[in-house]
Amino acid sequence: LDSNNPHAHIMLTMRQVDANGFKNEKKSARAWNKKELLQEQRAAWSHHVNQALAEARIPQQVDHRSWEAKGIERVPKIHLGWYASNQEKRGIATDLGEENRQIDTLNVLLEEGASWSR
C-alpha cells in the first residue's frame with residue numbers, strides 16, 4: 001500500500017480448457033498473447049477503472065499509455081528486485097538504489113526543461 005509503483009500481475013493459462021478440464025498440449029492457448037490485444041485490454045481496464053473512480057467521486061484518473069505515448073520525456077527507473085528493495089527499506093544503500101536516485105535527479109531536471117537523449 002505504500003508503493004510508488006502501483007501495478008498488477010495477471011496470470012493466464014497456456015493450455016486450452018474445455019468441459020473435460022485442461023488439455024495436455026502445452027502452450028496451446030496463445031491467442032491472447034499478442035501485443036495488440038494487450039493494448040486493447042489495458043485501454044479497456046483503464047476505462048473501467050476511471051468509471052469506478054468517477055462513480056466514487058474520486059478525482060484521480062488512470063492512463064494505460066506509456067510515458068512515450070503520452071509525450072512525457074522521462075527516464076524509467078531500474079527494477080530493484082526483492083533483495084535490493086528490502087535493503088533500501090532498511091536504510092541500507094544499494095548500487096541499484098543509487099542508480100534510481102540518480103535517475104530521480106535526472107527526471108527532475110527533465111521536468112524543469114532540460115533535454116535528454118538515449
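Asn 50 lies in helix α1 (residues 35-55). Helices here are DSSP runs of H or I with at least four residues, strands are runs of E with at least two, and both are numbered from the N terminus. The model is predicted: local features need pLDDT of at least 70, side-chain atom pairs count only at pLDDT 80 or more, and totals for chains, interfaces and linings use all residues. Residues are numbered from 1 along each chain as its sequence is written, and side-chain values use heavy atoms, with hydrogens and water left out.

Asn 50 is buried, at a relative accessible area of 15%. Buried means under 20% relative accessible area, exposed over 50%, and partly exposed in between (1.4 Å probe, protein chains only). Asn 50 touches Gln 61 and Val 62, leaving aside residues up to four places away in sequence. Contact means heavy atoms within 4.5 Å.

Helix α2 spans residues 81-89, and its buried residues are Ala 84, Ser 85 and Gln 87. These residues lie on the same side of α2, because they cover an arc of only 160° around the axis. The arc is that of the directions from the helix axis to the C-beta atoms. Trp 82, Tyr 83 and Lys 89 are exposed on the other side of α2. The cover over the buried residues of α2 includes α3 (95-111). Just after α2, Gly 91 adopts a positive phi of about 85°.

Confidence is reported as pLDDT, the predictor's confidence in each residue, from 0 to 100. The chain has a mean pLDDT of 86, and 89% of its residues reach 70 or more. Confidence is highest in α3, at 94, and lowest in strand β1 (residues 17-18), at a mean of 82.
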